[in-house]
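Visitor: I would like to learn how to read a model like this one. Please take me through it one feature at a time.

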Amino acid sequence: MVKNYTPTSLNEALELMENNDLVPFAGGTDLMVKNNEALNYIYLYKIPELKKIYVEDSYLKLGAACTFTELINNKLIPEILRDALKKIAAPAIRNFGTIGGNIGNGSSKADSVLIFMVLDSYIKVQSRNNERVIPIKDFYKGNKKLDLNKDELITEIWLPEREYTNYLYEKVGARQALAISRVDFAGIIDIEDNIIKHLAVAIGAIEDLIIRRPDIDSILIGKTIEEAKSLKEEYLNKYKEAINPRAGRVSIEYRKDVSMNFLNYFLESKGI
C-alpha cells in the first residue's frame, strides 16, 4: 500500500526517513510529472526549518524548501542568483519549485545549481543522527548521482558571503525562460586595485556534471589586468580542452562554441 507523509518539523521528517523508504519532495514540479504510483512520498513543504533564509558565520543560508519565488523576493539574495531564478520556467513553476528539489534532481541543467556551483556553495544534509556539510562540487558524483544517503535530506544551501556584483549569467534555450537549458554560463570576478582577487566560471547543461575548474581559473587570479591579458590565450585553451559536451538535441560543436564564446565575452566585458 502506498504511503504519503506530511511532517511538520524537521525532526519528524528525519525520523520518517530513517524508518521508511521514502521519496522526498517539496514542490513536486518535476517529480509529480513522472506519476510513479508505486513510490512512497514525504512532503517537506510544511517544515518551518526548511523555509529559513538567514546569515550566520559568514554564510547566507537558504532552506531547501524555499521556492524560487521566495528567493527572488528576498533582499538577501545576490543578484546573480536572482537573475538565474527569474529565468526558470513560468511563474506557476517558480511559485512551487524549490532549490532543494532543483539540487536533488541531480541534473547539470538545473539553473540554480549552476549559480551555487560558481559561488562555491555548500550543501547541508541531515539524517536523524548525523549531519554533513559538503562542498557542492563534491556533492555531485555523476548524472542523477549525489552524495546523499537514503535516510538523509538536503536541508540547507550555504553561500559564502562576498561581493557577487561583477558577474555574467547567460542561458541558451529554445524559448527563453520556459526552455530546458542547452548551455548555461556563469562567471564572477572581483578586481581590486587592478588585480584579479577572485575568478570563478561554471558551465552547465553540456556534460553530465557542471564544469567548474578552479585550477584553470587560478591562472588569472592574483594577476593584474595587463598580466591576465597576456595569459588569456593559455586560459581559454585550457577551458577548450576541458569542455567535452555530450551529444544532444544540438550538436557537440555548437555547445562547445557557445561555451567558449560566453567565456571570451565574459573576459572581454571585464577588460581582459
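Visitor: Is F25 buried or exposed?

Guide: Buried means under 20% relative accessible area, exposed means over 50%, and partly exposed lies in between (1.4 Å probe, protein chains only). F25 has a relative accessible area of 18%, so F25 is buried. One caution before going on: this is a predicted model, in which local features need pLDDT of at least 70, side-chain atom pairs count only at pLDDT 80 or more, and totals for chains, interfaces and linings use all residues. Residues are numbered from 1 along each chain as its sequence is written, and side-chain values use heavy atoms, with hydrogens and water left out.

Visitor: How many aromatic pairs are there?

Guide: Rings of Phe, Tyr and Trp (its six-membered ring) pair if their centres lie within 6.5 Å; planes under 30 degrees apart count as stacked, over 60 as edge-to-face and the rest as tilted. That rule gives a count of nine aromatic pairs. For F25 and Y41 the ring centres are 5.7 Å apart and the planes stand at 85°, so this pair is edge-to-face.

Visitor: Which strands hold F25 and Y41?

Guide: Helices (H or I, at least four residues) and strands (E, at least two) are DSSP runs, numbered from the N terminus. F25 belongs to strand β2 (residues 23-25) and Y41 to strand β3 (residues 41-43), so the pair ties together parts that are 16 residues apart in sequence. Y41 is buried too, at a relative accessible area of 8%.

Visitor: How are the rings of F25 and Y43 arranged? What is their geometry?

Guide: Their centres are 5.1 Å apart and their planes at 35°, so the F25 and Y43 pair is tilted. This pair also links distant parts of the chain, with F25 in strand β2 and Y43 in strand β3, 18 residues apart. Y43 has a relative accessible area of 22% and is partly exposed. F25, Y41, Y43 and Y45 form one aromatic cluster.

Visitor: Which residue lies over the face of W158?

Guide: A charge sits over a ring if NZ of Lys or CZ of Arg is within 6 Å of the ring centre and within 35 degrees of the ring normal. Here K61 lies over the face of W158, at 3.8 Å from the ring centre.

Visitor: Why is strand β5 described as largely enclosed?

Guide: Strand β5 (residues 59-63) has four of its five residues buried, so the rest of the structure largely encloses it. As a general point, side chains in a regular strand alternate between the two faces of the sheet.

Visitor: Which strand pairs with β5 over four bridges?

Guide: Two strands pair if DSSP finds at least two bridges between them. Strand β4 (residues 53-56) and β5 pair in the antiparallel sense over four bridges, and V55 stands opposite L60 in β5. The hairpin of β4 and β5 has two residues between the strands, and D57 takes a positive phi near 55° there. β5 also pairs with strand β10 (residues 153-160), antiparallel over five bridges. In that pairing, Y59 stands opposite P160 in β10.

Visitor: What joins β6 to β10?

Guide: Five bridges join the two, which run antiparallel. V125 has I154 in β10 as its bridge partner. Strand β6 (residues 122-126) is mostly covered, with four of its five residues buried. β6 also pairs with strand β7 (residues 131-135) in the antiparallel sense over five bridges, where Y122 has P135 as its bridge partner. β6 and β7 form a hairpin with four residues between them.

Visitor: Where is G222?

Guide: G222 is in the loop between α9 (214-217) and α10 (225-242). G222 is partly exposed, with a relative accessible area of 49%. Contact means heavy atoms within 4.5 Å. Leaving aside neighbours within four places in sequence, G222 is in contact with I195, I196 and E227.

Visitor: How many helices and strands does the protein chain have?

Guide: The protein chain has 11 helices and 14 strands. Its radius of gyration is 19 Å, close to the 19 Å that the globule rule gives for 272 residues, so the chain is as compact as a globular protein of that length. The radius is taken over C-alpha atoms, and the globule rule is 2.2 Å times the number of residues to the power 0.38. Of the 272 residues in the protein chain, 49% are buried.
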